[in-house]
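Subject: Structure handover

Hello,

Here is the structure I promised to pass on. Please open it alongside this note; my findings follow.

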Amino acid sequence: MAFTGLAYIVPLAVILAGFALLNGRTVSADVPFQYFDWTVSYANIAPLGVNKQVIVINNQFPGPELETVTNNIISVNVHNNLDEPFLITWHGIQQRRTSWQDGVQGTNCPILPGQNWTYAFQAKDQIGSFFYYPSLLLQRLAGGYGGIRVLNRDVIAVPFAPPTDDFTLLISDFYNRNHRDLRTSLDAGVLLGQPDGVVVNGRGPYQTVFTVQPGATYRFRISNVGMQMTLNFRIQNHRMLLVETEGSYTLQEYYETLDIHVGQSYSVLVTADQSPASFHIVASSRFTDPVITGIAFLQYANSATAPSTSGPLPDGPSPMDYNYSLNQAKSIRWNLTAGAARPNPQGSFHYGTINVSRTIQLQSTAPIIGGKQRFAVNNVSFIYPDTPLKLADYFQLNDVFTLGGIPDSPAVVSPPRYGTPVIDAINKAFIQIIFQNTENVIQTWHVDGYAFFVVGMDSGVWDSTQQSTYNLNDAVARSTTQVYPYSWTAVLMELDNVGMWNMRCEDGVRRYLGQELYMRVRDLDDPAQSQDPMPANELLCGAACRTGSYSCEPPIEYIANKNTLLDPMQSILCTPLIFLLLMDFVGHS
């Protein structure tokens with residue numbers, strides 16, 4: 001029996017009891033629950049004409065769409081049929097109160113080959129367009145990604161008429177080489193170079209068709225799920241009305257093209273208002289030479305013209321025109337009158353009137369350490385220990401990470417070094433983060449567990465006088481932002497989600513080679529109640545297996561990646577009786 005979505009209905013009492021035991025949280029019986037069963041395995045495809053081993057989920061590439069509704073409880077049982085460890089991170093899903101479910105190496109032990117593990121989380125107070133992807137071992141280069149759409153509850157108005165249909169487009173740079181070979185190159189300090197092409201929904205040029213009815217309006221959810229390249233998206237002879245980005249409704253403006261940076265997601269409305277024909281959909285690389293392009297079709301249902309690979313493609317911006325991209329980014333603003341997950345308007349949160357209690361400046365660098373290319377933040381290049389930082393914090397294990405191990409300002413000069421730094425932050429604080437790019441390539445940054453307000457970006461080196469240029473009224477709230485070459489981006493963020501949260505450069509190569517860190521947000525007033533307890537099915541590994549409170553299965557050795565100390569990893573699945581009953585019921589349905 002294969003499952004590609006909501007697989008089946010389980011008795012509500014069993015579901016709620018199982019979820020409560022897994023997460024230590026009381027849930028209402030009227031909260032909808034969705035159960036997904038996903039098997040992760042390999043397949044061979046050739047989207048660019050060269051056979052490649054990719055990662056599929058339930059034999060799908062990309063993986064199944066995860067569609068849910070605000071506040072629904074989601075359970076995803078992931079079976080790892082790969083020959084290496086695996087984790088999924090839910091990019092943009094805030095995991096309120098439960099960074100236990102975040103699915104990155106600093107929060108979770110990996111799902112070992114031949115094993116399975118069940119994520120259980122809630123789409124709490126969120127709507128919008130997101131995606132998931134593998135977070136370990138450069139597996140994102142092999143696929144394993146898919147779209148996430150969080151729909152509004154029926155009682156919450158959407159600020160546009162219902163579209164005729166809702167399409168997901170996952171655009172990505174693509175390498176024909178196996179992700180293991182690419183990993184070996186990076187481990188040797190050799191960067192990957194130019195990708196071999198761009199794919200749309202996992203397919204090569206001219207292989208994807210979206211059929212539309214004349215006069216109808218469609219929603220396109222577009223996510224850049226790639227590794228390195230900014231992609232410019234456009235549809236021939238059709239304007240795009242931007243309505244949402246990463247869970248925020250935007251001021252509705254028309255765009256001919258959109259720069260979508262690595263890790264970003266947008267929703268646009270497109271009306272089929274042209275004479276019936278076939279039109280090109282284009283995703284082309286920005287700031288590269290040469291430009292590489294992915295192509296799909298927008299096909300009118302009543303057109304006598306079949307999709308054709310001939311004919312000119314719609315023009316995009318000049319490939320190296322950063323000002324075009326910067327000005328476009330500044331034009332994207334918050335819709336102050338629309339509600340999102342809640343009935344009150346987004347603009348009722350007056351972020352611009354809140355005093356900033358702390359400024360953290362994160363400067364990217366590209367040092368050579370030990371004769372090899374690395375990437376760093378404030379000159380610290382991140383390496384992973386054998387124990388997830390979340391578990392180390394929970395068990396109060398020493399010498400796993402360094403709290404305060406990165407300075408709040410790059411002005412504190414230190415030589416490049418390896419480290420496992422964690423920013424120590426306090427719940428309910430309102431902070432400012434400055435992402436400073438000192439290099440000649442564009443970067444994007446993402447913060448798990450949060451949306452932040454992108455209040456400013458410009459060229460040069462940031463200083464406090466730049467605050468006078470901030471947008472303190474309708475800056476868009478999102479979880480991933482770009483930082484242009486030799487430029488800065490400023491974001492404001494209310495710390496209201498206790499946990500251990502990954503802050504990463506979304507460029508997969510830079511992240512793999514150390515350009516990330518973590519932030520621990522803790523509650524001084526009521527630490528026991530501010531976040532969910534450790535789930536009952538939590539996988540344990542590393543030093544968490546040596547606490548004396550738990551026993552682990554025999555160690556299974558593997559190299560998690562070159563950022564991980566080469567200790568054997570150990571895992572244990574602690575499963576309460578009610579969860580076993582739930583799984584037994586599901587297994588016989």
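Strand 9 (residues 165-174) is largely enclosed by the rest of the structure, because 9 of its 10 residues are buried. Bear in mind that this is a predicted model. Strand 9 pairs with strand 12 (residues 217-224) in the parallel sense, over 7 bridges. Here D166 stands opposite R219 of strand 12. Strand 9 also pairs with strand 10 (residues 197-200), in the antiparallel sense and over 4 bridges. In that pairing, F174 has G197 of strand 10 as its bridge partner.

Strand 13 covers residues 231-235 and runs antiparallel to strand 16, joined to it by 4 bridges. Two of the bridge partners in strand 16 are L258, for F233, and D259, for N232. Strand 13 also runs antiparallel to strand 18 (residues 278-285), with 5 bridges between them. I235 stands opposite I281 in strand 18.

How many residues of strand 13 are buried? The count is 5 of 5, so to speak a mostly covered strand. Both faces are covered. L231, F233 and I235 are buried on one side, and N232 and R234 are buried on the other.

A301 brings us back to strand 19. A301 is in the loop between strand 19 (293-300) and helix 3 (322-331). Its relative accessibility is 41%, so it counts as partly exposed. A301 touches T211, V212 and Q213, leaving aside residues up to four places away in sequence. A301 and T211 are 90 residues apart in sequence, yet their C-alpha atoms are 5.9 Å apart in space.

Now the backbone details. Two cis peptide bonds to check:

- F61 to P62 is cis, with omega near -5 degrees. P62 is in the loop between strand 2 (52-57) and strand 3 (66-69).
- D289 to P290 is cis, with omega about 5 degrees. P290 is in the loop between strand 18 and strand 19.

Two positive phi values to check as well:

- D125 is not a glycine, but its phi is positive, near 55 degrees. D125 lies in the loop between strand 6 (116-122) and strand 7 (128-134). Its relative accessible area is 27%, so D125 is partly exposed.
- Y486 is not a glycine either, and its phi is positive at about 50 degrees. Y486 lies in the loop between strand 32 (480-483) and strand 33 (487-494). Its relative accessible area is 49%; exposed means over 50%, so Y486 counts as partly exposed.

On to the aromatic rings. A search of the whole structure finds 30 aromatic pairs. One of them is W38 with Y132, a tilted pair with 4.9 Å centre to centre and 35 degrees between the planes. The pair links distant parts of the chain. W38 is in strand 1 (residues 33-45) and Y132 is in strand 7, 94 residues apart. Both W38 and Y132 are buried.

Another pair is Y384 with Y518. This one is edge-to-face, with 6.1 Å centre to centre and 80 degrees between the planes. It too links distant parts of the chain, 134 residues apart. Y384 is in the loop between strand 24 (380-382) and helix 4 (389-394), and Y518 is in strand 35 (residues 516-522). Y384 is buried, with a relative accessible area of 3%. Y518 is buried too, at 0%.

W38 and Y132 also belong to an aromatic cluster.

Finally, two charges over rings. The charged end of R239 sits over the ring of Y254, 3.7 Å from the ring centre. The charged end of K390 sits over the ring of W100, 4.7 Å from the ring centre.

Over to you.

Best wishes

Definitions and conventions
Residues are numbered from 1 along each chain as its sequence is written. This is a predicted model: local features need pLDDT of at least 70, side-chain atom pairs count only at pLDDT 80 or more; totals for chains, interfaces and linings use all residues. Side-chain values use heavy atoms; hydrogens and water are left out. Two strands pair if DSSP finds at least two bridges between them. Buried means under 20% relative accessible area, exposed over 50%, partly exposed in between (1.4 Å probe, protein chains only). Contact means heavy atoms within 4.5 Å. Rings of Phe, Tyr and Trp (its six-membered ring) pair if their centres lie within 6.5 Å; planes under 30 degrees apart count as stacked, over 60 as edge-to-face and the rest as tilted. A charge sits over a ring if NZ of Lys or CZ of Arg is within 6 Å of the ring centre and within 35 degrees of the ring normal.
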